[in-house]
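Let's take a look at how the pieces of this model sit together. Have the picture open while you read.

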Amino acid sequence: MKINKIVKKGLWAVAITGVLFFAILIFHIITAKPAVYESPNLQVSRIDFKENIDSAYAKKICADLRSIKGLTSDSIIVKRNVVVYFHNNKITNSKKVYDELMSKGNYEAQRYILPAGLANKEVCPVDQNSYSYKLSKKINQFFN
Amino acid sequence: MRNFSKITLGALIIALASLTSCSNDDDKTPAEKPTIYERLGGSVMVSDPDNSGQMIEKGRLSFRKVVNSTIGLIVADIQSNASGNLQAHFAPLLAETGSTQATNIAKLSDNLTDFFSFNTGGKNTVNTYSGLSMSAAHDPARNPRMGTKSSNADYTKFVGYVGAAANANGVASNTELYTDIVAVLESLRTPIVQK
């Protein structure tokens, strides 16, 4: 009988601790606010040309780039032999932009690819089409 | 007695008139100078050219454009193994992370836009800066997006990039607005320079 009482007390203690931890978890889920960015898919990319770019050539490159879907309204920067542009990575990526630009003119240029050592490895490879991602997003949106 | 009252009344009216005019003169304080944020467009709402269907404060949009142009100019100068450019600080921004999360440049652009907007007069909630302190944000040990610590020369170069970006977005070097923006940047030199 005495053992039963001890077991009961132990079970109660475990249950109360469990409820407490669950309540803390719920509190954190409810109060956590996800970081929201104005343009979360903004990406900057660069194309290096073989020769320096003069003003007439720069105008043509900018016009050709502007005709590619996915570029943002930010300025296209042309400096010496380098062109830097901004794009929405949900719509396009640097390879697609480069390929499209090359098809629009007789350009001699190459896409700038960041050396592996300089790239930031801080990435989270979540598949936005996955069921788990959609479910967690729904739960998060419910509380926030 | 009647004459005396008239004289007293006349004196009172003259005194009142002179006091009133003195009071008017005192009120002529110089008009308060608009904040940098107001001069860049302030809280007037305009449509966001990069987020269809969304509105944005004109002052904030101006800052965002200057911030992005600054980043673009720095990226244009990145050369492998060349000293003097800010490659080590900013190269991670070029890493393509895919579309499954906010990009590094999106985070930096948003943080910088918040910081500058809020601290130059953009007091609406949208501009609230909730990032790290300037000292922590520029310490690689506390901010993984910071490639390396900055020296005085690095920061001078960065201020030059911001100036060029401001020029590219319609703020000429010979204007008071430009001088005021540079003054804000100079006020941040001490916590940012850590090398």
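This is a predicted model: local features need pLDDT of at least 70, side-chain atom pairs count only at pLDDT 80 or more; totals for chains, interfaces and linings use all residues.

Chain A is split into domain 1, residues 1–33, and domain 2, residues 42–111.

For chain A the mean pLDDT is 85, with 83% of the residues at 70 or more. Residues 121–125 of chain A are another story: their pLDDT is below 50, and the stretch has five contacts in the model beyond near neighbours in sequence.

| Helix pair | Axis distance | Angle |
|---|---|---|
| α3(B), residues 58–76, and α7(B), residues 152–168 | within 8 Å | roughly 120° |
| α7(B) and α8(B), residues 176–187 | 11 Å | about 155° |

How are α3(B) and α7(B) oriented to each other? At roughly 120°, they count as oblique. The crossing of α3(B) past α7(B) is right-handed. On the α3(B) side, the residues that meet α7(B) are B:Val66, B:Ser69, B:Thr70, B:Leu73 and B:Ile74. Their partners in α7(B) include B:Tyr161, B:Val162 and B:Ala165. Sorted by class, this contact has nine nonpolar residues, two polar and no charged ones.

The angle of about 155° makes α7(B) and α8(B) roughly antiparallel. Here too, α7(B) passes α8(B) in a right-handed crossing. From α7(B) come B:Val159, B:Val162, B:Gly163 and B:Ala166, while α8(B) brings B:Tyr178, B:Ile181, B:Val182 and B:Leu185. That makes seven nonpolar residues, one polar and no charged.

Technical notes
Residues are numbered from 1 along each chain as its sequence is written. Chains are lettered from A and ligands numbered from 1 in the order in which they are written. Axes are lines fitted to C-alpha atoms, for helices over the stretch in contact, and angles run from 0 to 180 degrees between N-to-C directions. Helices (H or I, at least four residues) and strands (E, at least two) are DSSP runs, numbered from the N terminus. Angles under 35 degrees count as roughly parallel, over 145 as roughly antiparallel, 65 to 115 as roughly perpendicular and the rest as oblique. A crossing is left-handed if the near helix is turned anticlockwise from the far one by less than a right angle, and right-handed if clockwise. Two residues are in contact if their C-beta atoms, placed from the backbone, lie within 7 Å. Ala, Val, Leu, Ile, Met, Phe, Trp, Tyr, Cys and Pro count as nonpolar, Asp, Glu, Lys and Arg as charged, and the others, Gly among them, as polar. pLDDT is the predictor's confidence in each residue, from 0 to 100. Domain bounds come from an automatic or database domain assignment.
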